[in-house]
Amino acid sequence: MDKKIKCRVCGIDELIVIFSGKIRDGSYGNITSQDYKVFQCSKCKVRFLDKFAPPELYESEDYREKYCDSIQLEDFWRDHDELCEKKLHRIGIHNCRNKTVADFGAGGGSFLNALQGFADKTIAIEPTQIWHEQMSKKHQVFSYTRELLVTGINVDIGISFDVIEHVPEPEIYLKEIYDSLSSKGRLYLITPNFNDILNDIAKDSFELFNYRTAHSYYFCADSIKFLLERVGFEKFMIKFYHEMDISNLIHWLKDGKPTGKNKNKIFDDEANRYFCSYLEKNGKSSHLWVEATKG
């Protein structure tokens, strides 16, 4: 236990070191030269690194080159369009019709692009400066939520996919989203789940992939619940969402590293749907899925 460091979320000093060593630094296979610690708070259950990446990292080309291997929008769309399609299906495109939709951490805008012709207004909050000009042809673009708040625009549907784990102050991040929402506005938030099944059955190899310099925080249902209540959300549901298939799990066990999806053709779509459903039902999915309503 380290008495000198306090929890970055709730402020108490009852922390446990759950990992110490080198972590991922960029795309898989790149590791840090120095050791990192991962703390877990005994109260709010959040996990966090002892050293954070500078916030301005996400404004530059360096982050996209280092973690995504490309700064080209076309490459971002190739990697994210299908994933956003599945998430949009789960949200329901009908829920976005004639609404003002903001994506808080929009990346290259894959999700918002899919809403063209449905949403009344689409807003991209994205610090990566080099993408602003092209995205602004379809969407209203801001670097940070505080800039959106100045405009007084009310957001009906807020989206946050795989972002809150990157930010230096998740409570401020969520509070700014909360303040941007209209009365009865809804937030759909997804973040990696540290209770992922791979933490149970491939822990040693998975930690070398999962703990990374760009993810300052690691959440479970309890820690997300703590944050939602702290910023003012009274109505919310915390569910689960699994993004990978059975073959990914098999290759983690076999090779001890990520291999993506569809590497093993033995299991069909029906088997993979059952697999994902089972993990989601038991809280062992890759991600947490949050639906929260203001007011």
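Helices (H or I, at least four residues) and strands (E, at least two) are taken here as DSSP runs, numbered from the N terminus. The model is a predicted one, in which local features need pLDDT of at least 70 and side-chain atom pairs count only at pLDDT 80 or more, whereas totals for chains, interfaces and linings use all residues. Residues are numbered from 1 along each chain as its sequence is written, and side-chain values use heavy atoms, with hydrogens and water left out.

In these terms the protein chain contains eleven helices and eleven strands. Its radius of gyration, taken over C-alpha atoms, is 19 Å, close to the 19 Å that the globule rule (2.2 Å times the number of residues to the power 0.38) gives for 295 residues, so the chain is as compact as a globular protein of that length. Along the principal axes, the C-alpha atoms fill a box of roughly 50 × 45 × 35 Å. Of the 295 residues, 51% count as buried, where buried means under 20% relative accessible area, exposed means over 50%, and partly exposed lies in between (1.4 Å probe, protein chains only). The chain exposes about 14200 Å², of which carbon and sulfur atoms supply 49%; such areas come from the Shrake-Rupley method with a 1.4 Å probe, and for residues only the protein chains shown count as cover. When contact is defined as heavy atoms within 4.5 Å, 67% of the contacts between residues at least 6 apart in sequence join residues at least 24 apart.

Strand pairing was examined next. Strands of a sheet pair through backbone hydrogen bonds, either parallel or antiparallel, and two strands are said to pair here if DSSP finds at least two bridges between them. An open sheet of four strands, with antiparallel pairing, has the order β1-β2-β3-β9; its edge strands are β1 (15-21) and β9 (217-218), each of which pairs on one side only. Two bridges connect β3 (residues 47-49) to β9 in the antiparallel sense, and Arg 47 stands opposite Tyr 218 of β9.

Five bridges link β5 in the parallel sense to β4 (residues 100-104), with Phe 104 standing opposite Ile 125 of β5. Strand β5 is also joined by three bridges to β6 (residues 140-142), and these two strands run parallel; here the bridge partner of Ile 123 is Gln 140 in β6.

In helix α8 (residues 203-210), the buried residues are Phe 206, Glu 207, Phe 209 and Asn 210. Seen down the helix axis, these residues fall within an arc of 165 degrees (the arc being that of the directions from the axis to the C-beta atoms), so they line one face of α8. The elements that cover them include β1, α7 (198-201), β9 and α10 (246-255). Helix α10 in turn has Ile 246, Ser 247, Asn 248, Leu 249, His 251 and Trp 252 buried, and its buried residues pack against α7, α8 and α11 (269-281). After α10 comes Gly 256, whose phi is positive, near 70 degrees.

A glycine with positive phi also follows helix α9 (residues 221-231), namely Gly 232, with a value near 120 degrees. The buried residues of α9 are Ser 223, Ile 224, Phe 226, Leu 227, Leu 228 and Val 231, and their cover includes α6 (170-180), β8 (181-192), β10 (235-241) and β11 (287-293).

In helix α4 (residues 132-135), attention was given to Gln 134, which is partly exposed, with a relative accessible area of 38%. Leaving aside neighbours within four places in sequence, Gln 134 is in contact with Leu 73, Glu 74 and Trp 77. The C-alpha atoms of Gln 134 and Leu 73 are separated by 8.9 Å, although these residues are 61 apart along the chain.

Finally, cysteines were considered. A search of the whole structure finds zero disulfides, a disulfide being a pair of cysteine sulfur atoms within 2.5 Å. For Cys 84, the nearest cysteine sulfur is that of Cys 96, 12 Å away, and Cys 84 counts as buried at 9% relative accessibility. The sulfur of Cys 220 lies 8.4 Å from the closest cysteine sulfur, in Cys 44, which is too far for a bond; Cys 220 likewise counts as buried, at 6% relative accessibility.
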